[in-house]
Amino acid sequence: MTELVSMSSVQYPVESLPELWFAFVFAVLGAYLLLDGFDFGVGMLYARADGDERETMHAAFGPVWKANEVWLVLFGTVLFAAFPAVYANLLSRHYLLIFAILAALVLRGIGSKLREERDSDRWHRVCDRSFVAGSTLAPFFLGMLVANWRFGLESTVNGTAIAVGLLLVTLSIVLGASFLTIKTRGDLRRTMRRYGRLGSVGYVAVSLATIGYIALAEPGGSPVPSTAETAVAIGGTIAFAALGIVANRRRQDYGWALSVAGLALVFVVFLAWTMLPAVDPAAALSIREAVVSPVALTVNSVVAVTFVPLIVGYFVLLYSVFSGPATAGDY
Amino acid sequence: MTTPFGWGWTNVLDPVVAGRAQFAVALTIHIIFAALSVGLGPFLVYFVVQEIRTGKQRYVRLREFFTKVFALGFVMGTVTGIPLGFMFGTNFASFSRVAGELIGGPLSFEAKMAFFLEAAFLGILLYGRERVPEWFYALSSGFVALGAWLSAFWILVANAWMQTPRGYELVERGGRTVAQLTDPMAAFFTPRLPWLFVHMQSAAIISVTLAIAGIAAYFVYHNRDSEVWNTALRAAVVVLLVMSVFQVFHGDLYARHVADTQPQKFAAMEAQYETSTGADLHVIAVPTSVDALDDPRAENLFTINIPNLASFLASGGDPSAEITGLNEFNYDSPPVALVFWSFRIMVGLGFWFVGLGVWGGYRLLRGGIRASDRYLIALMCSAPLGFTALITGWYVTEVGRQPWIIQGVLRTSEGATIGLSSAEATLSLLGVAAVYGTALVTFCYLVRQYVRSERERLLPPTAGDGDSGPDSGSNSDAGQQVVGSDD
């Protein structure tokens with residue numbers, strides 16, 4: 001490469017800063033999949049609920065989803081800020097998929113927000129459909145994007161992408177059931193516990209099917225995860241799912257929620273870890289090739305170190321103000 | 001055949017043109033919601049603080065009404081704003097690669113500093129009135145407004161860099177030329193930033209003030225004694241008077257800065273093709289033929305000129321200063337018609353707002369606005385015009401920079417995604433136009449619903465049957481008792 005007189009004269013303040021940013025990008029993605037994941041789950045489980053239960057679910061979901069969705073914006077912009085070439089490649093390569101994700105998020109957001117605006121059955125029906133459809137399609141399309149990114153696939157629609165899409169849909173259902181178990185009481189809560197157990201078993205099944213498909217059907221992308229990495233991922237997934245089911249049975253709701261978060265963690269770590277050292281496998285770009293200059297990365301780091309703790313503070317505050325069971329009248 | 005915008009009809013499906021149209025449609029609609037947050041934020045803080053300080057019912061009503069509008073606008077702003085960030089990657093991938101270090105940073109700062117703040121505390125503002133102490137509720141409204149302002153700040157940092165790029169050098173990386181950040185302070189605080197920021201925030205405040213004034217005028221017109229809406233009306237008129245006058249003076253200075261830093265944009269604003277000294281300013285320009293709409297030049301317009309004033313303005317006082325004409329530049333001109341007419345609409349509206357402000361100030365001094373039908377009607381008709389001025393002003397800024405996406409560094413055509421098919425680009429253009437159009441229409445429809453239900457609260461059922469017209473004004477006397485219990 002033609003690098004660069006000026007680059008050699010400036011160094012990263014921490015030698016592994018580009019790798020730390022890679023980790024940060026995926027941590028933000030993980031936070032998004034976790035937080036908006038339970039919103040998506042609420043939206044999907046909503047399809048199975050009746051009138052009063054729906055009001056309760058909206059009351060649980062209403063105050064927090066907007067803040068959760070911001071993690072997607074943060075993910076996009078930190079990827080742009082640290083690895084602009086990857087951002088440009090990924091988004092232009094999977095052009096229509098990006099717009100499909102955005103359209104799904106629009107359906108979800110508009111559906112939930114506009115429902116309360118008019119008191120007519122027809123209006124509620126239209127908004128509810130929009131809410132459920134958006135909440136189902138968004139994690140599915142996100143999974144497709146993540147799979148295509150990870151395996152460096154040029155074609156947008158393929159078996160691996162669909163499998164990972166279904167995986168994120170299942171994960172979101174479990175997350176949503178866990179969140180609603182904490183936020184509700186009575187029959188609805190019992191139903192959510194049951195869906196949570198079913199969903200966890202489903203998630204393990206879809207995980208195994210996905211990994212089997214990738215191993216057998218040769219996704220055509222790279223780098224292929226090693227057997228050891230795959231074994232750790234399977235082991236972690238089964239362990240967290242089992243822990244979750246036990247906690248769920250014992251009605252330890254927060255323990256169950258932590259186990260579900262563990263499932264999301266295994267997913268994101270597997271995704272990122274097995275991609276290394278590439279950050280854009282399809283373009284054969286490594287972290288060091290794609291990362292911005294030391295000056296830009298240092299500025300980004302200063303801002304991130306200052307503001308990410310504040311952001312975590314906002315979330316602690318928001319969730320503690322709206323802690324406790326949600327009741328239908330609140331929304 | 002060339003359109004007024006300089007694009008051939010035959011190229012409608014060209015992916016670059018479709019991508020630009022998509023960005024233009026998306027931004028035109030998003031900017032309304034963004035400006036709504038910026039402009040309404042300070043009003044919300046005022047209403048919340050007054051509510052807590054005075055305990056008066058009228059501020060509770062105003063807070064409730066405008067918090068609903070704000071929340072709806074915020075959701076629409078999020079829905080229409082998230083895709084915009086992603087469109088840098090989908091449709092302007094080459095630009096994103098070249099300018100990632102300079103644009104990606106500010107966009108991520110916006111997310112970190114502004115969006116989380118706004119989204120988290122809006123939850124409290126909307127649903128937390130009974131859950132948090134009063135002082136904290138007031139603080140939350142302040143954080144929501146601060147979030148909106150910080151968001152605008154970082155977006156304008158990125159945009160100002162595209163107008164007057166500084167603090168970078170062009171280097172080779174991986175076989176491509178990219179802009180590398182060398183001096184963060186210079187890159188973030190470019191010469192354009194203070195002008196753009198002040199002008200844009202003022203425009204947002206004026207837009208929202210006019211909308212509030214229009215809504216308040218509507219209620220006052222139908223119920224002259226509504227304490228709630230007379231309060232809102234007085235506040236809006238005072239803000240309008242101050243801000244509209246400020247904006248005219250600031251805009252004048254800003255235009256001089258543009259003449260210095262982007263002379264071809266200034267020339268397009270004045271449709272000045274030949275370099276001249278002692279250039280005239282076309283205060284009012286009326287097209288005398290269809291051609292003049294499409295291709296404005298001094299000779300085919302009916303204009304009222306102030307001799308030498310363009311030179312005088314551009315130079316900051318020298319009536320014989322030289323204005324560089326568009327023909328002097330060795331690259332394509334921006335679409336002159338769009339810039340020229342947008343600029344005239346913006347400036348014309350700006351003077352109308354000053355007129356409204358002064359008129360309202362006079363009415364206030366003379367003992368009340370509520371008695372003047374003519375003034376109330378003028379305010380109602382002007383409710384959306386602030387946003388019109390803001391959007392046309394944004395066209396001057398963005399279209400006037402063409403053919404550059406980064407002034408003097410990268411052309412817009414070079415910044416577009418390579419290899420995008422016209423089918424993909426057309427499909428997304430249609431989708432974006434449909435979704436954004438629906439978002440805007442839904443927003444307007446729902447605000448109309450809010451206004452209707454507020455009107456039902458103001459007027460007793462017997463008086464509420466006349467929709468508008470002269471009768472409703474006198475009917476509203478019957479509503480006095482209901483409204484008398486405002487405070």
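**Labels and their grounds**

Analyst: Ile212(B) is buried, its relative accessible area being 3%. This is a predicted model, in which local features need pLDDT of at least 70 and side-chain atom pairs count only at pLDDT 80 or more, while totals for chains, interfaces and linings use all residues. Residues are numbered from 1 along each chain as its sequence is written, chains are lettered from A and ligands numbered from 1 in the order in which they are written, and side-chain values use heavy atoms, with hydrogens and water left out.

User: Why is Ser259(A) called buried?

Analyst: Buried means under 20% relative accessible area, exposed over 50% and partly exposed in between, with a 1.4 Å probe and protein chains only; Ser259(A) has 7% relative accessibility and therefore counts as buried.

User: What does Ile212(B) touch, not counting residues up to four places away in sequence?

Analyst: Taking contact as heavy atoms within 4.5 Å, Ile212(B), which lies in helix H6 (residues 193-222) of chain B, touches Leu40(B), Phe43(B), Phe66(B), Ala232(B) and Ala236(B). Helices (H or I, at least four residues) and strands (E, at least two) are DSSP runs, numbered from the N terminus.

User: What makes S1 and S2 of chain B a pair?

Analyst: Two strands pair if DSSP finds at least two bridges between them; strand S1 (residues 168-173) and strand S2 (residues 176-181) of chain B have six bridges, in the antiparallel sense, and are therefore paired. Two residues separate them in a hairpin, where Gly174(B) in the turn has a positive phi of about 55°, and Glu172(B) stands opposite Thr177(B) in S2(B).
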